[in-house]
Amino acid sequence: MKKLFFSLSLSACCAAASSTASAAPMDAFLSANQSNTPGEGQVEASYDLLNSTVDVFKARDKDTNFAGTNVGDYHGAHVRAGVAITPRLWVDGALWERRISYRNDVAKINTWQVAAQYKLVEGSGYLPSMALRLGAWGNYADALTKTSSTSVAGVTLNSVTVADPKDVQYQLDLINTWLILAHTELSMFVSAGGSRVSVGKISGTATENGCHYNVDFGSTAVVGALSQQCNANTVIDRFSAPNSAYGINVQKETQYNAVYFQAGLTGKWSMDDWQVRAGYQYQALNRNHIDDIIQSRGGIATKSNQILMGEIMYKIVKNAAIFVRGEYMSHQFTGEIPFAYNTLTAQRFNQRYGILSTGLVVNF
């Protein structure tokens, strides 16, 4: 029974994270050209959405487990702001609020980002503008909880909670931007970064032979205790076993360090009141031990992601414009929400995902 408690609980706690879903958000639109007038800046506010109506890639329709359900529905909002400090130095920051549905549960994830970008070279003729950008960003949640039950061999896991999951990334970008035509620019960038994923307490509740248990997962052992009086013929009041007894470790397999590299292209065209942007980004990741564990068990690790972004913007007044933006990910939130990826959720990351955003940009 102990082994079933262990494996079931690990599966459910990781499912709670992956159903929520290391390139920084919106990297596909990186450009070396920001405002060069000190004090000038920009504020963007947006509503972000994915549901069956706007799921143009029909990813869930191809999944026999989740087709026709709300699993993967996304709604949220974000705000971004940036300002020129000097003619060459630009700083910006952003906050995202993400809500992702999983049957009766909603994962509430917050994302933050700060960065400073310094223009090394002002472009002229065939010489591109060149900028160096240093940023930090991350994701966090108070807790991720899965309340739907899971039954295997008569053992029912009623709920699992992962407390304080979070990740933090540091990233360095080198950006080159060419003015191709009077109204068109092309940007190329390369980036490198490091990531740290951590979680707090992992616990759950389970039922066996009509008895209810609280289960805690530590760094060295899994411990279960009877949560209330039970009248079954055979009652186990408490159990404890080292993680090594099962060849699996919850804490180790949900926490890790990683490095990543990426490159991309961005095109921007603007004329009169219209602006169109399109960007492509490729990212490769190397995690310190998670992917080795996945592969040793016959699984397939997701080590890369491709992101496409497109945007149409229209100026409604002198200093304000509205926009519609779409984002496509070849392997859902791989890299963008690192704490959602671990040994049990890796199989769910071989799926496409997309988000539609609409909002307002104000220049000052």
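Predicted model: local features only at pLDDT ≥ 70, side-chain atom pairs only at ≥ 80, totals over all residues.

Q: How many bridges join E16 to E17?
A: Eleven, again in an antiparallel arrangement. Here Tyr 280 stands opposite Leu 308 in E17.

Q: How many bridges join E10 to E15?
A: These two also run antiparallel, joined by 14 bridges. Leu 186 faces Gly 267 in E15 across the pairing.

Q: Which residues of E16 form its covered face, and which its uncovered one?
A: The covered face holds Gln 275, Arg 277, Gly 279, Gln 281, Gln 283, Leu 285 and Arg 287. The uncovered face holds Trp 274, Val 276, Ala 278, Tyr 280, Tyr 282, Ala 284 and Asn 286.

**Reading the cores**

Q: Which residues touch the most other members of the largest nonpolar core?
A: In soluble globular proteins, nonpolar side chains tend to be buried together. A nonpolar core is a set of buried Ala, Val, Leu, Ile, Met, Phe, Trp, Tyr and Cys residues joined through side-chain atoms within 4.5 Å. Buried means under 20% relative accessible area, exposed over 50%, and partly exposed in between (1.4 Å probe, protein chains only). In this model the largest core has 28 residues, and Tyr 74, Phe 333, Tyr 341 and Tyr 353 touch the most other members. Two or more residues each come from strand E4 (105-121), strand E15 (256-271), helix H2 (290-296), strand E17 (304-317) and strand E19 (353-363). Another core, of ten residues, lies apart from it; Val 162, Val 199, Ile 202 and Val 250 are among its members.

Q: Which residues is Tyr 341 in contact with, beyond its neighbours in sequence?
A: Contact means heavy atoms within 4.5 Å. Setting aside neighbours within four places in sequence, Tyr 341 contacts Tyr 256, Arg 287, Ile 290, Asp 291, Ile 294, Ala 301, Thr 302, Ala 346 and Phe 349.

Q: Which residues lie nearest the centre of the largest cavity?
A: Rolling a probe the size of a water molecule over the atoms shows where empty space is left. On a 1 Å grid over the protein atoms alone, a cavity is a set of points where a 1.4 Å probe fits but cannot get out; a pocket is an open set with protein on both sides within 12 Å along at least five of seven lines; lining residues have an atom within 4 Å of a point. Of the 14 residues lining the largest cavity, Asp 48, His 78, Trp 96, Glu 327 and Ser 357 lie nearest its centre. E18 gives the most to this lining, with three residues.

Q: Which residues are closest to the centre of the largest pocket?
A: Its lining has 42 residues, and Gln 34, Gln 42, Lys 268, Gln 275 and Asn 363 are the closest to the centre. Strands that each supply at least two lining residues include E10, E15, E16 and E17.

**Reading phi and exposure**

Q: Where is Met 26 found?
A: Most residues other than glycine have a negative phi, and most peptide bonds are trans. Met 26 has a positive phi, near 70°. It is found in the loop between helix H1 (2-18) and E1. Met 26 counts as buried because its relative accessibility is 12%.

Q: What phi does Asp 164 have?
A: A positive one of about 55°, although Asp 164 is not a glycine. Asp 164 lies in the loop between strand E8 (155-163) and strand E9 (166-181). Its relative accessible area is 37%, so Asp 164 is partly exposed.

Q: Why does Leu 356 count as partly exposed?
A: Because its relative accessibility is 36%. Leu 356 lies in strand E19.

Notes: Residues numbered from 1 in each chain as written. Heavy atoms only, no water. Helix = DSSP H or I, 4+ residues; strand = E, 2+ residues; numbered from the N terminus. Pairing = 2+ DSSP bridges.
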